[in-house]
Amino acid sequence: MKILVCISHVPDTTSKINFVNGDSEFDTNGVQFVINPNDEFGLTRAIWFQEQQGATVTVANVGGPETEPTLRKAIAIGANEAIRINANPTDGFYVAQQLAEVIKTGGYDLIIAGKESLDYNGGMVPGMIAGILGYNFVTSCVGLTVDGANATAIREIDGGKETLSASLPLVIGSQKGLVEEKDLRIPNMRGIMTARTKVINVVEPIAANVNSKATQFEKPAAKSAVKLVAADNLDELIQLLHNEAKVI
């Protein structure tokens with residue numbers, strides 16, 4: 001089984017976020033980038049298939065040379081090879097078109113992508129890949145087994161979980177729960193040394209449509225001060241909720 005794991009290069013959630021050029025561009029200065037957490041859950045599951053069923057695992061992303069440390073971390077975790085599509089990930093549809101071309105060329109059986117990235121939260125790329133290629137698709141996936149050409153997936157739905165069966169090739173939108181957090185892999189020294197010398201395959205992008213563009217970013221408004229009310233002072237609480245918060 002050939003598995004492709006799509007990797008997003010995203011800011012660490014502890015990073016301080018700023019914008020430049022009239023709030024039209026994200027300021028990357030001083031920002032630590034990591035593997036998108038939803039992708040990391042998917043990568044860990046792919047490594048499990050590698051160890052238990054002899055699958056080969058390739059990771060891929062759309063981005064410039066600055067994304068290569070993130071790809072090398074994925075190799076250090078256990079991926080067999082990495083592909084970087086040498087293009088600026090301008091929007092979800094553009095990214096999906098680039099990844100779909102790599103998938104079609106490589107003949108992958110299982111494609112795992114985080115259900116959304118933690119920077120833009122678009123939640124569109126896995127479904128678009130499946131739509132472009134005509135593959136089966138399951139998102140919000142929290143469980144996955146593969147037996148030959150057939151897969152069983154569990155996904156979260158409102159109020160519970162749903163178990164689905166599908167044939168390969170299959171696109172999965174992974175998230176927390178596909179593996180437990182305690183099972184996420186930490187690169188060991190051997191993996192790190194292997195990743196340093198591994199050649200990342202750089203491919204040029206295909207001509208593709210860019211249908212959207214971010215024109216301006218805005219930070220959330222600062223939180224207002226908190227008023228504390230004594231537990232036994234219900235009159236004041238009611239007065240504040242009625243006159244200031246205006247919720248009653």
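A disulfide is a pair of cysteine sulfur atoms within 2.5 Å. I looked for such pairs in this predicted model, where local features need pLDDT of at least 70, side-chain atom pairs count only at pLDDT 80 or more, and totals for chains, interfaces and linings use all residues. Residues are numbered from 1 along each chain as its sequence is written, and side-chain values use heavy atoms, with hydrogens and water left out.

**Cysteines**

By that rule I count zero disulfides. The sulfur of Cys-6 has its closest cysteine sulfur in Cys-141, and at 14 Å this is too far for a bond. I then looked up burial, where buried means under 20% relative accessible area, exposed over 50%, and partly exposed in between (1.4 Å probe, protein chains only). Cys-6 is buried at 6%, and Cys-141 is buried at 0%.

**Aromatic rings**

Next I checked the rings of Phe, Tyr and Trp (its six-membered ring), which pair if their centres lie within 6.5 Å; planes under 30 degrees apart count as stacked, over 60 as edge-to-face and the rest as tilted. I find five aromatic pairs. One of them joins Phe-19 and Phe-217, with centres 4.8 Å apart and planes at 5°, so I note it as stacked. This pair links distant parts of the chain, 198 residues apart: Phe-19 is in strand E3 (residues 19-20), and Phe-217 is in the loop between strand E13 (201-203) and helix H6 (234-243). Helices (H or I, at least four residues) and strands (E, at least two) are DSSP runs, numbered from the N terminus. Phe-217 is buried, with 17% relative accessibility.

The pair of Trp-48 and Phe-49 is edge-to-face, because the centres are 5.4 Å apart and the planes stand at 80°. Trp-48 is partly exposed at 31%, whereas Phe-49 is buried at 0%. I also note a cluster that ring pairs make of Phe-19, Phe-26, Phe-33, Tyr-120 and Phe-217.

**Charges over rings**

A charge sits over a ring if NZ of Lys or CZ of Arg is within 6 Å of the ring centre and within 35 degrees of the ring normal. Which ring has the charged end of Arg-45 over it? It is the ring of Trp-48, with the charged end 4.3 Å from its centre. Lys-2 lies over the face of Tyr-108, 4.9 Å from the ring centre.

My last entry is on Ile-248, which lies in the segment after H6. I find it exposed, at 54% relative accessibility.
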